[in-house]
Structure formats: C-alpha cells, structure tokens
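Subject: Structure for you to look at

Hello,

Please find the structure below, followed by notes on what was found in it.

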Amino acid sequence: MGKLQESPFKGKTGLTRLINAFGYSLDGMKAAFRHEDAFRQLTILALILIPLAFLIHAAPLARAMLVASSLATLIIELLNSAIEAAVDHTSLERHPLAKRAKDMGSAAQLLGLINLAMVWGIVLFG
C-alpha cells in the first residue's frame with residue numbers, strides 16, 4: 001500500500017494557514033449573502049436580535065443564550081446551503097438521496113428556528 005495522498009488543496013501551515021482560512025471563511029459568508037435569500041433574512045434577524053439581547057433586562061447567561069441561538073441559525077443556514085450546493089454540483093437530476101440530504105438540511109434549520117423562538121420566549125416570558 002502506498003502513502004495516503006492528501007488533497008492538493010491542502011498546503012500552508014501556521015499563520016499563513018490561519019490567514020488563508022479566514023479569507024476562505026469571508027468568501028463563504030459573501031457567497032451565502034449574495035446567493036442565499038434565507039441567509040440574508042437570517043442575517044437581518046440576527047442584526048436585530050443580537051443588539052436587542054443587550055438592551056433587555058436579562059442575566060449574562062440568558063444574554064449568551066440569546067446571542068448563541070441567533071448565531072446558531074446563521075451557522076445552520078451556512079451548512080444547509082453548503083449541502084445544497086454540493087448536492088447540486090454533483091447532479092441537478094432529481095434523486096431520492098439528493099432530496100433526503102436537502103430535506104435534512106432544511107429540517108436542521110427548522111429545529112434551529114424553533115430553538116431560537118423557544119430561547120427568546122423563555123428569556124422574555126419565563
């Protein structure tokens with residue numbers, strides 16, 4: 001058996017890798033904002049809810065939960081969009097496994113939004 005070949009996209013280490021990774025992350029955020037309506041909508045929601053979390057009377061842990069639940073919906077949407085893009089890159093043909101992957105990503109976002117509503121509801125209304 002030969003040596004396991006690494007991806008040709010792997011490369012830099014140390015500080016160069018961190019700088020490159022940060023740039024790739026910004027590229028991903030820009031792409032999501034440009035191409036994904038849901039990501040734009042959730043970004044607007046987060047831009048409202050996160051500052052609001054610091055304006056309401058709440059304990060520090062409650063504030064952290066409010067911010068975390070808002071950021072979680074953005075994270076989930078990025079992953080959901082990545083799944084959709086990867087599936088569509090593989091094939092635009094309808095296939096039960098492609099539908100399953102996309103539906104599961106959508107279900108993850110639904111749970112994230114339910115979590116967001118529940119955390120805000122609990123903090124605001126007890």
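**Helix packing**

The axes of helix H3 (residues 60-90) and helix H4 come within 9 Å, crossing at roughly 170 degrees. H3 is therefore roughly antiparallel to H4. By class, 14 nonpolar, 9 polar and 4 charged residues make up the contact of H3 with H4.

On terms: helices are DSSP runs of H or I with at least four residues, numbered from the N terminus. Axes are lines fitted to C-alpha atoms, for helices over the stretch in contact, with angles running from 0 to 180 degrees between N-to-C directions. Angles over 145 degrees count as roughly antiparallel. Ala, Val, Leu, Ile, Met, Phe, Trp, Tyr, Cys and Pro count as nonpolar, Asp, Glu, Lys and Arg as charged, and the others, Gly among them, as polar.

**Basis**

This is a predicted model, in which local features need pLDDT of at least 70 and side-chain atom pairs count only at pLDDT 80 or more, while totals for chains, interfaces and linings use all residues. Residues are numbered from 1 along each chain as its sequence is written, and side-chain values use heavy atoms, with hydrogens and water left out.

**Salt bridges**

The count comes to 3 salt bridges (a side-chain nitrogen of Lys or Arg within 4 Å of a carboxyl oxygen of Asp or Glu). For exposure, buried means under 20% relative accessible area, exposed over 50%, and partly exposed in between (1.4 Å probe, protein chains only).

- Lys102 and Asp88 form a salt bridge at 2.6 Å, N to O. This pair links distant parts of the chain, with Lys102 in helix H4 and Asp88 in helix H3, 14 residues apart. Lys102 is partly exposed at 25%, as is Asp88 at 30%.
- Asp103 and Lys99 form a salt bridge at 2.5 Å, N to O. Both lie in helix H4, 4 residues apart, about one turn of the helix. Asp103 is partly exposed at 39%, whereas Lys99 is exposed at 52%.
- Asp37 pairs with Arg40, the closest N and O atoms being 1.9 Å apart. Both lie in helix H2 (residues 37-55), 3 residues apart, about one turn of the helix. Asp37 is partly exposed at 46%, and Arg40 is partly exposed at 24%.

**Surface patch**

Leu110, Leu111, Ile114, Met118 and Ile122 make a nonpolar surface patch of about 510 Å². Patch residues have over 30% relative accessible area and no salt bridge; like charges are joined within 9 Å, and nonpolar side chains (Val, Leu, Ile, Met, Phe, Trp, Tyr) within 5 Å. Accessible areas come from the Shrake-Rupley method with a 1.4 Å probe; for residues, only the protein chains shown count as cover. Ile122 lies in helix H4 (residues 96-125) and counts as exposed at 53% relative accessibility.

Regards

Terms used
Helices (H or I, at least four residues) and strands (E, at least two) are DSSP runs, numbered from the N terminus. Angles under 35 degrees count as roughly parallel, over 145 as roughly antiparallel, 65 to 115 as roughly perpendicular and the rest as oblique.
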